[in-house]
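Subject: A structure for you, and its aromatic rings

Hi,

Here is the structure I promised to pass on. Please open it and keep it beside you while you read the notes below.

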Amino acid sequence: MDSTTDIPDIPYDVQKLHKEALRNGVLNSTQASSLLGGQSVKEVIVNKCYTPLSARVSEEAGLEENEAWETLEAVISREFAAGCEGCKVQLCGGVGAGKTTAVQQLIWEWATGSLLQHYTLLLPVCERTLCTSEQSLESLLLSTHAHLSAEALASALQRPQSLLLVVDGLDHFQDLLSESPPSDTLVSDPQQPAGGAVLLHSLLEGSLLPGASVLLTCKEAVLLESLQCVYLLGFSKAQRRSYFQQFFNNEAEAEQVLRHCEQVVGVAELFRCPAFCWTLCCVCKEHVPETLTELCCAVTHTLLQENGVNVETSKQLLCGLGKLADHCYSQAHAHCSTTEVITCGLQPFLGSSVLSAFLRISRDDVSSPNAIFSFLSPVFQEFVLAVFFYIDQSALQSGQNEARILEGGPDMYQMFLAGLSDPAQRKLLEASIGQLSSGRLSEFHQWLMSLVVEVLPGLEKEKHCCVFRLLHHARSPTLVRETVGACKWRAVSYAGLQVSDCAGLVFVARCLGEMEHLNLYRSELMDTQAQKLIPALHLAKSINLCQSHLSPGVITHLARAMMDGRTTWLDLSRSVLSVEALKILCLSLTHSNLHTLCLRTCSLTPACGEVLGKMLSDSKLCALDLGGNDLQSQGLAQLIGALGMSSCRLQDLSLDHCSLSGECIALLSSALSSSLSELKKLNLNWNQLAEDTLELLSQALQTGRCSLSVLQLFDCELTDSCCPSIAAILQSHNCCLTELDLSVNELDQAGALLICDALKSPRCPLEKLCAVVFVSV
């Protein structure tokens, strides 16, 4: 028998009072919008400008946007659907990912009667109270919800399956979740006092309020069998676009600003973060930054100006924040105590509005020794660490500055060092804190120059990309020319480039004015990456895209780069090309400087023959490798037809492994006989050539109109019956052959001797003969 059948339902007026209290909690929120902390929850909810976020349940779904991404609202509605009582969910996401706003939006929607109405009470649990002295769950809830009477709450706790408890903000108290207490210490009575960790795990394990649902938020996932993990991903592309449209006059302006920022800032992960998007939109209303460094400089300048801080005090503040950032990095934690803040020289700023503009203060007021401080933005934490390098002459806490640079520091630290070395990017920062140290700027440039000279002659792609990114952020064409232009740059494969890597490579190529070789072997380029690479593709003399995955969109960008570009050699071998993709590419080649095109084993179909033939008649192409493609007679016929046209400049043609038929050889022989053909080298290796087909070739080479000088017939199943035709070629007055390959063919002794006699003829022009043969017995 259900033990709750005799327990009276929560009175409607109690539920109504509770919903009103939750709504008032949002409406009376004192949290202010912050450039670094994001938009206030009150402003988002009351003004109805909440933009849904994306989430994924499976960790394997990855960070790249895909079909596994869902809206957070869809995930919450499914996980906490009616009939799913007792569900325990942890919502995980980094700083600024939107956890608190999403939870407050959920609370608001329940309180206004639009979501999860099958729960009688939604009870937010204050995370700070969990960290105080031992108390019972009932007293903890009463202290948070003073509008509820003890009797009403006690009655509600007897129906746990109708309750949803929400614990938001465990980022600073994650040890409560990660440190599981012994099972024999768990409690089951809501009136039994216990520590915060015990209460939390008792709820999650179901010993306390069995059947109650729990939603909690934390920065990193904690693996517990009782907890379903939902990963908060921030904004998808569509959600980000919707968010930007709220800040600008029209959709076109919002799209233009968003596209520009995504291109120039170049850190894709940041654009999924709602807090970062808020900061970006606030700055872009006044001035659209060109780099992430310029953005952080603008934010710093704005915050200091808004708080009326003079130059000398601003420098002191940034120096203290830099020391604090270094301390957090050295100690591998994200927050600091009041004592640590004072040790870093920030005591004069405790309690001031300017400090709270940069730091989040949790748990207690700033005067309390138990206060917890953390940076509002992890990105800004690394920015102020880089600023600290340029304004402080003493050694950093973890060692000398030079050592910190060489060791790498945090992920974005070097990038900010590079950006701040550029006067244009640091202009607003220096307007607020004064000039950066010229000695430090010189140290960084010397280090960067030595890094370039050390890395680029090596074969480690990741280090190459790191150098390109740093040079890009430093924005110094002179530095690029003095370092990259003067060192031996190894052409390693740059497959797997991120968008930021593409931007760095393009910047270097533009500074140099050209690239000798761009190696993208085995790439799986996305359209965005290919579009970003267009300038580098345009400047490269040779491009290797062998064994690459090339969508029609990528081919379109490649074709655009080829038009009037510097590229003379392009290898697309073993990259599958559709007829449409080949059309797009070939159309651009008629306006390019390409003279060598490798399309070996590209799964070309007969329909590609016409496309290639038309291209040959209108382009500057001199060498074409089509080996390993089954173009069949129809496709080859259309291709070969272009060889006899006056506009065709082809001199080198490879048709090995192409299953040439007798019809194709006849057409080829006819084209070679044309006085208009410029073909000098012909590769027919690994094709089955019968006696009659070879006779056709022989006749073509003896016409006096054929200019072929190299003929490759490796493993063409030639027999002794073909030897007279070969000998006739070599003895002809009109033969121009200087190189002939007859290797791996079954020629008998008599046939071989016939060829040898031809070689003795004074008319024979041959200079090189490859004739490793299988002599038939």
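Let's begin with F468: at a relative accessible area of 1%, this residue is buried. Please keep in mind that the model is a predicted one.

To be edge-to-face, the angle would have to be over 60 degrees. The two residues join distant parts of the chain: F468 belongs to helix 21 (residues 461-474), while W489 is in the loop between helix 22 (477-483) and helix 23 (499-512), 21 residues apart.

How many aromatic pairs does a search of the whole structure find? There are 12 aromatic pairs. One of them is F247 with W278: the centres lie 5.4 Å apart and the planes are at 65°, so here the pair is edge-to-face. F247 sits in the loop between helix 9 (237-245) and helix 10 (251-265), and W278 in helix 11 (residues 274-284), so this contact ties together parts 31 residues apart in sequence. Both residues count as buried, F247 with 13% relative accessibility and W278 with 8%. Ring pairs also connect F247 and W278 with F235 and Y243 in a cluster.

Lastly, have a look at two charged side chains. K19 has its charged end over the ring of W110, 4.9 Å from the ring's centre. The charged end of R56 is found over the ring of Y231, at 4.7 Å from its centre.

Enjoy exploring!

Key. Residues numbered from 1 in each chain as written. Predicted model: local features only at pLDDT ≥ 70, side-chain atom pairs only at ≥ 80, totals over all residues. Heavy atoms only, no water. Phe/Tyr/Trp six-rings, centres within 6.5 Å; stacked < 30°, edge-to-face > 60°. Helix = DSSP H or I, 4+ residues; strand = E, 2+ residues; numbered from the N terminus. Buried < 20%, exposed > 50% of the residue type's maximum accessible area, 1.4 Å probe, protein only. Lys NZ or Arg CZ within 6 Å of the ring centre and 35° of its normal.
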